[in-house]
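Please keep the structure in view while reading.

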Amino acid sequence: MPPKDSLARYRRWYRQLLRLYPRAFRERFAEGMEQTFHDLCRERASAGQSLFGFALRTFFETSAGIVKENSSHFITQHKNICRIAIGTGLVLLIPLVAMLVSDEWNWDPFDFLFMGALLFGTGLTYELVAPRGGTFAYRAAVAIACATGLFIIWVNAAVGIIGDEELANAMFFGVIVMGFLGACRARFHPRGMARTLLWTAAAQTLVPLIALTWVPEADFAPGVVPVMRLNMVFAVLWIISALLFRCSATPPAKSPQIEPAPSP
Amino acid sequence: MAVSQPNPPLTPAVLHILLALASGERHGYAIMKQVEADSQGKVKMGPGTLYGSIGRMIDAGLIRESDKKVDPNMDDERRVYYKITALGQKTLAAELQRYREVVAVAKRLAPIQLAPHALCHAT
């Protein structure tokens with residue numbers, strides 16, 4: 001029969017392993033699991049059976065339980081992030097399948113990585129900011145702002161809004177950064193967000209005008225008017241988002257109170 | 001035709017734990033030994049599987065923690081005992097009824113399934 005210190009050693013190692021369970025599970029069941037393991041070890045020791053193989057199998061079995069509980073815990077705690085990751089994966093399936101059936105799509109691994117990061121980042125931004133408002137108008141405003149930012153970055157990175165001119169197109173990224181910093185400064189409060197997005201719309205409108213004036217070598221392919229038109233679409237989206245933030249900041253109108261008649 | 005199932009089938013681990021607790025409250029080690037005895041050694045679960053199932057069963061309301069007390073047959077360590085709830089008893093009864101229905105269907109079908117084999121052997 002193995003000495004008592006051998007049983008104590010296995011029990012101690014098992015106790016260390018149990019620390020890998022999520023905290024809530026550990027607080028409920030670690031003591032019971034440790035006692036059960038010790039009981040099983042004692043039973044085997046009494047029967048003259050080897051402890052090493054049994055302990056190894058039990059450690060492996062418990063490790064599988066640890067992975068399962070931690071995965072469930074992570075998914076429960078971060079359900080939204082898991083949903084965003086799954087959504088990103090599903091969207092990226094579109095170009096992947098398109099590449100298999102057509103020669104028009106030709107993405108390299110960096111394109112998938114970039115698009116994946118862009119989609120995931122946009123989704124994550126929405127999930128982190130939208131719950132702060134509590135109203136449908138606020139959530140809609142965040143959704144439109146995030147979608148607008150996504151499209152600007154995507155179009156600019158893919159083909160360039162103002163042709164191939166890097167300096168001119170870099171200004172569009174500057175508009176996004178300006179909007180983000182303004183939102184942080186406003187601490188995502190509705191009124192501050194409305195102001196920030198109006199300034200963002202103004203900056204968006206100015207970018208092609210600045211490019212026309214100060215970047216003469218900028219190539220406005222396919223033409224100045226189409227570029228301006230596309231840019232105005234982005235500016236209008238920023239303005240719509242700003243108006244929705246403004247709506248969410250407005251308290252609901254109070255119903256008129258009927259004053260009681262004065263007592264005689 | 002789709003049949004709605006208010007009580008989905010139980011996993012083998014959950015079923016055997018409910019069976020073990022149906023005869024009285026037990027602590028983790030006792031549940032494990034009872035399951036092994038009931039299944040004649042066919043169902044063996046380690047502490048990870050057992051307590052993972054216990055956690056889910058408590059959350060589902062099938063069992064609950066009972067007292068923390070000393071098992072007189074073992075050492076003097078105080079152990080948490082688990083007890084089946086009314087919902088657990090109802091769920092167990094429904095599961096056993098499902099098994100009885102399946103066995104009844106199998107018994108009705110068995111003669112029909114045996115007939116072609118009997119014919120082959122006869123020729």
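This is a predicted model: local features need pLDDT of at least 70, side-chain atom pairs count only at pLDDT 80 or more; totals for chains, interfaces and linings use all residues.

Chain B contains 4 helices and 3 strands, arranged from the N terminus in the order α-β-α-α-β-β-α. The chain has 123 residues, of which 35% are buried.

Two of the helices pack against each other. Helix H2 of chain B (residues 28–38) and helix H3 of chain B (residues 47–60) have axes that come within 11 Å and cross at roughly 105°. Angles from 65 to 115 degrees count as roughly perpendicular, so H2(B) and H3(B) fall into that class. On the H2(B) side the contact is made by B:Gly28, B:Ile31 and B:Met32, which meet B:Pro47, B:Leu50, B:Tyr51 and B:Ile54 of H3(B). By class, this contact has 6 nonpolar residues, 1 polar residue and no charged ones.

B:Ile31 and B:Ile54 also belong to the largest nonpolar core, which has 42 residues; together with B:Leu18 they have the most contacts inside it. Two or more residues each come from H1, H2 and H3 of chain A and from H1, H2, H3 and strand S3 of chain B. H2(A) gives the most, with 8 residues. Apart from neighbours within four places in sequence, B:Ile54 touches A:Phe29, B:Ile31, B:Ile63 and B:Tyr82. A second, separate core has 36 residues, including A:Ala141, A:Ile161, A:Ala201 and A:Trp238.

Conventions: Residues are numbered from 1 along each chain as its sequence is written. Chains are lettered from A and ligands numbered from 1 in the order in which they are written. Side-chain values use heavy atoms; hydrogens and water are left out. Axes are lines fitted to C-alpha atoms, for helices over the stretch in contact, and angles run from 0 to 180 degrees between N-to-C directions. Angles under 35 degrees count as roughly parallel, over 145 as roughly antiparallel, 65 to 115 as roughly perpendicular and the rest as oblique. Contact means heavy atoms within 4.5 Å. Ala, Val, Leu, Ile, Met, Phe, Trp, Tyr, Cys and Pro count as nonpolar, Asp, Glu, Lys and Arg as charged, and the others, Gly among them, as polar. Buried means under 20% relative accessible area, exposed over 50%, partly exposed in between (1.4 Å probe, protein chains only). A nonpolar core is a set of buried Ala, Val, Leu, Ile, Met, Phe, Trp, Tyr and Cys residues joined through side-chain atoms within 4.5 Å.
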